[in-house]
Amino acid sequence: MAVPTIPPPPFDPALDTIDQLRAVGREFHRRGWSLGTSSNYSVVAGRAPLELTITVSGKDKSVLERDDFVRVDAAGVPCDGSERKSSAETLLHCLVAELVPSVGAVLHTHSVWSTILSRADCARGAVRIEGYEMLKGLDGIVTHDTCEEVPIFANAQTMPELAARIRARLVAADWSDPKRPPFHGFLLSAHGLYTWGRDLAEARRQIEIHEFLFEVVARTRSFPAGAVATALTDQPQSGQGDPVRPAPSIDRSQQTAQRHQQ
Ligand SMILES: [Zn+2]
């Protein structure tokens, strides 16, 4: 008789920082957002000078040990005296921690849906997400009637060049409204998502919300044209005399067939 698999314990903010990061790794691996040795996670360990605690390069995120982390300075260089090395992408964590106000944690994942969407929309420069209730899970968004543009940067293996492009975008953004940041994360094309939060719990939540929304947006595109209307096009405009359009009929057998193809 098969022994039932016991899921890992949920994220617990009462754990110390390293154990919180390890729990994030177990959860994100289980949910398919950090498979293999992909992804990296960091928390701000100090502000004067800026230092981050970040995952060591090349580790399976489902089984992170307590010594699978390294402390780095603002340039991403290890500063804890250890021989441990972090990913080349450490520089991007440092950028976010330096330039986005009030950041306490930065999380980077490689999910299926972020990979697909970031590639599909790379030429446009952003994934547009509009009209979804779940947008309210992102910091400062209070209504579904919101449009979030998640920037996309072409992927690169030359980290200083990629970091320079991202730095320019983060510097140009207006972060002055504490209630509504201009965006909550960014994508690397055909690669994955970066997001952040004031602490690890908030960053974890923003990964979860982005991932939900990416899946919704990507799956919606697989429906036949017109089968899923947006909230905006579904609602008649008062006073304009527009006829109420009937709800689009959805061929459920077609939907089922499409699901089986995915
Ligand atoms: Zn990556």
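**Figure 1. Burial of helix α2 in the predicted model.** Eight of the 10 residues of α2 are buried in this predicted model, so the helix is largely enclosed by the rest of the structure. The buried residues are T90, L91, L92, H93, C94, L95, V96 and A97. They pack against the strands β1, β2, β3, β4 and β8, and against helix α4.

**Figure 2. Packing of α2 on α4.** Helix α2 covers residues 90-99. Its axis and that of α4 are 10 Å apart, and the two helices pack at an angle of about 20 degrees. The helices are therefore roughly parallel to each other, and their crossing is right-handed. On the α2 side the contact is made by L91, L92, L95 and L99. On the α4 side it is made by M159, A163, I166, R167, L170 and V171.

**Figure 3. Length and exposure of helix α4.** Helix α4 runs over residues 159-172, which is 14 residues. At 1.5 Å a residue the helix should span 20 Å, and its end C-alpha atoms are 20 Å apart, so the two values agree. How many of the 14 residues of α4 are buried? The number is one, so α4 lies largely in the open. Helix α2, by contrast, is largely enclosed by the rest of the structure.

**Figure 4. Surroundings of helix α3.** Helix α3 consists of residues 112-120, and W113, S114, T115, L117 and S118 are buried in it. The strands against which these buried residues pack are β4 (105-109), β5 (126-130), β6 (147-153), β7 (185-188) and β8 (192-197). The buried residues of α3 also pack against helix α5 (200-221).

**Figure 5. Crossing of α3 and α5.** The axes of α3 and α5 come within 9 Å and cross at roughly 55 degrees. The two helices are therefore oblique to each other. The crossing in which α3 passes α5 is left-handed. Helix α3 contributes W113, S114, I116 and L117 to the contact, and α5 contributes E211, F214, E215, V217 and A218. Of the α3 contact residues, W113, S114 and L117 are among those listed as buried.

**Figure 6. The eight-stranded sheet.** The chain has seven helices and eight strands. Eight strands form an open sheet with mixed pairing, in the order β3-β2-β1-β4-β8-β7-β6-β5. Strands β3 and β5 stand at the edges with a single partner strand each, so one side of each is left without a neighbour in the sheet. From one strand to the next the twist averages 20 degrees. Helix α5 lies across β1, β4, β5, β7 and β8, and runs at about 140 degrees to β8.

Figure 7. Strands of a sheet pair through backbone hydrogen bonds, either parallel or antiparallel. Strand β1 (residues 40-47) pairs with strand β2 (residues 50-55) in the antiparallel sense over five bridges. The two strands form a hairpin with two residues between them, and R47 has L50 of β2 as its bridge partner. Strand β2 also runs antiparallel to β3 (residues 69-73), to which five bridges join it. Along this pairing, the bridge partner of L52 is V72 in β3, and T55 stands opposite F69.

Figure 8. Leaving aside residues up to four places away in sequence, S62 touches G25, R26 and H29. R30 is 32 residues from S62 in sequence, and their C-alpha atoms are 7.5 Å apart in space.

**Figure 9. Burial and contacts over the whole chain.** The chain has 262 residues, and buried residues make up 32% of them. Among contacts with a separation of 6 or more, residues 24 or more positions apart account for 59%.

How values were computed
Residues are numbered from 1 along each chain as its sequence is written. This is a predicted model: local features need pLDDT of at least 70, side-chain atom pairs count only at pLDDT 80 or more; totals for chains, interfaces and linings use all residues. A residue is buried if 20 or more other C-beta atoms lie within 10 Å of its own, exposed if 12 or fewer, and partly exposed in between; C-beta atoms are placed from the backbone. Helices (H or I, at least four residues) and strands (E, at least two) are DSSP runs, numbered from the N terminus. Two residues are in contact if their C-beta atoms, placed from the backbone, lie within 7 Å. Two strands pair if DSSP finds at least two bridges between them. The expected span of a helix is 1.5 Å times one less than its number of residues. Axes are lines fitted to C-alpha atoms, for helices over the stretch in contact, and angles run from 0 to 180 degrees between N-to-C directions. Angles under 35 degrees count as roughly parallel, over 145 as roughly antiparallel, 65 to 115 as roughly perpendicular and the rest as oblique. A crossing is left-handed if the near helix is turned anticlockwise from the far one by less than a right angle, and right-handed if clockwise.
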